[in-house]
Amino acid sequence: MRWIFPTVLLGLLLAFPPIAAAMGLEFYQGLLTKIMIFALAASSLNLILGYGGMVSFGHAAYFGLGAYTVAILMREGVTSGWVIWAVAVGLSALLALLIGAISLRTRGIYFIMITLAFAQMIYYLVVSFKQYGGEDGLRARRPEFGLFELNDTTLYYLTLGVLLAALYLLYRLVHSRFGRVLQAIRENEARALALGYPVFHFQLVAFVLAGALAGLAGVLMAHYTQYASPNLLAWQQSGHLMMMVILGGVGQFWGGVLGALVLSLVEEILQDLTIHWQLGVGLILLFIVLFAPKGLAGLMRRGS
Amino acid sequence: MPPSLFIEQVLNGFQFGLMLFLLAAGLTLVLGIMDTINLAHGSLYMIGAYLTATLVGVTGSFWLAVLGAVLGTALIGMLLELSVLRQLYRRDHLSQVLATFALILIINEVVRMIWGSQPLLLSTPEALSGPVEILPGLYYPAFRLVIIGVGLLVALLLFWLVNRTRVGMWLRAGASNREMAQAMGVPIKPLFTLLFGVGAGLCAIAGAFLGPILAVQIGMGESILILAFVVIVIGGIGSIKGALVGALLVGLVDTAGRAFLPLLLSRVASPEVASNLGPALASILIYLLMAVVLFFRPQGLFPART
């Protein structure tokens with residue numbers, strides 16, 4: 001009977017836009033789109049953070065790069081959505097390859113800091129180009145996809161489709177031989193090396209894949225807000241994504257999705273209640289780290 | 001370019017580097033000895049600046065305000081150590097990053113609740129607001145000279161403390177091998193609370209003196225925190241000497257890059273390209289420096305652990 005819950009959930013997600021439109025709840029359709037985008041970004045981070053044990057503090061670089069690619073290409077007259085997607089994902093993967101190839105030479109705190117440093121470089125590079133908005137960000141019009149027109153509702157379904165495809169890919173990946181080796185490296189790098197696994201290559205492939213998926217999430221974010229904001233590249237965004245992963249559960253398959261869902265909802269609710277909502281987010285996060293180190297997925301597993 | 005401009009920029013870089021050192025010193029010891037990442041270190045710098053700005057209004061004296069801010073921030077730092085950070089020593093880096101990231105959010109909001117969202121005004125003390133002629137024809141702001149003096153003094157004091165006293169010996173022992181130091185009877189727990197207080201006090205000094213030059217506002221701690229991390233990673237985690245070298249390097253490279261790169265580029269490229277690329281390159285120069293250092297020396301310039 002394990003398939004009942006996912007099937008019902010999927011049915012609800014598929015049926016949500018018409019129901020929302022009928023009941024005047026379009027706001028929640030947008031919120032769900034945003035949550036799914038963050039779920040994709042957080043799940044990609046969970047691949048390297050949770051399964052690979054690589055604490056990257058620069059995931060915002062790929063997320064923001066994806067969004068900026070949409071904005072810049074649209075501005076420069078490239079209007080095909082497919083071309084934009086391909087370029088954005090390719091660029092994110094390339095950036096991850098570059099950053100990963102250098103950063104993975106280091107370990108521990110040095111790795112955290114060098115990934116952060118690279119993300120900061122990207123941030124400062126982008127905001128210093130005045131013709132692309134600088135600190136104000138850049139408008140990102142929605143491109144043409146030919147088969148369908150991109151509006152709030154098709155974007156919802158597109159995001160849902162991309163998220164499901166990415167989750168399927170990640171699920172197959174972490175349960176494949178590749179995924180097991182990745183986890184073996186996380187548990188004991190010296191042993192994995194001694195067993196003859198090319199540790200660096202395994203880590204780099206995971207790093208590039210995570211970067212590409214985060215870039216795709218950034219593309220969807222630009223479609224959603226129709227705007228590429230420097231905030232997407234800021235180091236707080238990297239922290240925000242890490243927050244989601246640890247809230248949901250590091251190295252738990254549903255950790256990224258769960259964390260994105262819960263954190264976005266908590267932020268939404270607290271923002272309604274008080275302008276000091278970040279205080280609430282901070283306190284909840286501190287509580288989770290100190291008292292529930294395995295995140296929500298860990299808590300649920302222990303409960304059942 | 002005129003030599004006076006060059007000297008002025010070098011002095012600016014030196015002054016900024018010394019203030020970065022005050023931040024990096026506490027950070028590198030905490031990281032080196034307890035293997036704990038504290039992102040909230042920048043928040044202590046912010047608290048120091050806010051306390052100074054408030055106390056200047058109350059006491060009317062800049063120096064009294066600095067003293068009060070240093071003591072107050074040290075106290076807050078020790079309270080933070082006792083309440084939260086102590087729980088994190090045995091946890092992995094990820095938990096430390098997240099928990100102290102949460103502390104940043106909390107402290108930022110608390111500061112916003114107390115002082116409001118508007119930046120505070122912290123002006124240079126009256127007597128030091130004018131320029132001084134340091135070389136014939138070369139004028140330099142007196143306050144910045146005082147910053148250099150204070151920075152050098154504190155750096156010397158810190159070196160004396162770490163290299164010449166028993167507490168310093170314990171600190172160095174802890175940085176090179178924590179378990180062994182503990183086994184030899186070094187009282188790690190109280191030592192670390194004290195160290196945290198000292199680190200917080202150093203942050204407050206930096207906040208008090210950079211406050212009038214930069215701005216006293218929410219989020220001021222975060223941008224400088226990342227610079228402080230760059231400094232200690234370049235210098236080698238746990239090494240005071242590394243922190244000093246790294247801080248001066250970052251201070252000089254950052255200041256010189258911002259001042260001279262656009263000028264240099266305008267000689268080889270069109271003004272359009274130079275005005276765009278110059279600031280961009282200048283702002284990423286220190287990160288580039290860090291990436292290059294780590295590429296060749298993954299443990300930084302002066303690794304504390306062998």
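My entries below go from the contact between the chains to helix packing and then to single residues.

**Entry 1: the model.** I noted before anything else that this is a predicted model, so I kept that in mind throughout.

**Entry 2: where the chains meet.** I looked up who takes part in the contact and found 38 residues from chain A and 35 residues from chain B. On the chain B side, α4 (93-115), α9 (220-235) and α11 (271-296) each supply at least two residues. Which of the elements gives the most to the side of chain B that touches chain A? I found that α4(B) does, with 16 residues.

**Entry 3: a helix pair in chain B.** A reminder to myself: two packed helices are described by the angle between their axes and the distance between the axes. I took α5 (residues 142-164) and α8 (residues 188-210) of chain B, whose axes come within 11 Å and cross at roughly 170°. Angles over 145 degrees count as roughly antiparallel, so α5(B) is roughly antiparallel to α8(B). I then listed the residues that make the contact: α5(B) brings B:I147, B:V150 and B:V154, while α8(B) brings B:L202, B:I205 and B:F209.

**Entry 4: the buried face of α6(B).** Next I went to helix α6 of chain B, residues 166-176, and asked which of its residues are buried. They are B:W170, B:L171, B:G174 and B:A175. I saw that they cover an arc of only 135° around the axis, so they sit on the same side of α6(B).

**Entry 5: B:G235.** I stayed in chain B for a glycine in helix α9. Is B:G235 buried or exposed? It is buried, because 29 other C-beta atoms lie within 10 Å, and 20 or more is the cut-off. Leaving out residues up to four places away in sequence, B:G235 touches B:T28, B:G242, B:A243, B:V245, B:G246, B:G300, B:L301 and B:F302. I also checked B:G235 against B:I7: they are 228 residues apart in sequence and 25 Å apart in space, C-alpha to C-alpha.

**Entry 6: record against model in chain A.** The unreviewed UniProt entry places "transmembrane region" features in chain A, including residues 56-74 and 195-221. I compared these two with the model. Residues 56-74 of chain A are 79% helix and 0% strand, with end C-alpha atoms 30 Å apart. Residues 195-221 of chain A are 85% helix and 0% strand, and their end C-alpha atoms lie 41 Å apart.

**Entry 7: two residues of chain A.** I found A:L270 in helix α11 (residues 255-273) of chain A, where A:L270 counts as partly exposed because it has 17 C-beta neighbours inside 10 Å. Beyond its neighbours within four places in sequence, A:L270 is in contact with A:W277, A:G280 and A:V281. Ten residues separate A:L270 from A:G280 in sequence, and the C-alpha atoms are 7.1 Å apart.

My last stop was A:Q226, in the loop between α9 (199-225) and β2 (227-228) of chain A. Its phi is near 55°, a positive value in a residue other than glycine. A:Q226 is partly exposed, with 13 other C-beta atoms within 10 Å.

Methods: Residues are numbered from 1 along each chain as its sequence is written. Chains are lettered from A and ligands numbered from 1 in the order in which they are written. This is a predicted model: local features need pLDDT of at least 70, side-chain atom pairs count only at pLDDT 80 or more; totals for chains, interfaces and linings use all residues. Two residues are in contact if their C-beta atoms, placed from the backbone, lie within 7 Å. Helices (H or I, at least four residues) and strands (E, at least two) are DSSP runs, numbered from the N terminus. Axes are lines fitted to C-alpha atoms, for helices over the stretch in contact, and angles run from 0 to 180 degrees between N-to-C directions. Angles under 35 degrees count as roughly parallel, over 145 as roughly antiparallel, 65 to 115 as roughly perpendicular and the rest as oblique. A residue is buried if 20 or more other C-beta atoms lie within 10 Å of its own, exposed if 12 or fewer, and partly exposed in between; C-beta atoms are placed from the backbone. The arc is that of the directions from the helix axis to the C-beta atoms. UniProt positions are given in the numbering used here, feature names are shortened, and annotations may be inferred rather than shown by experiment.
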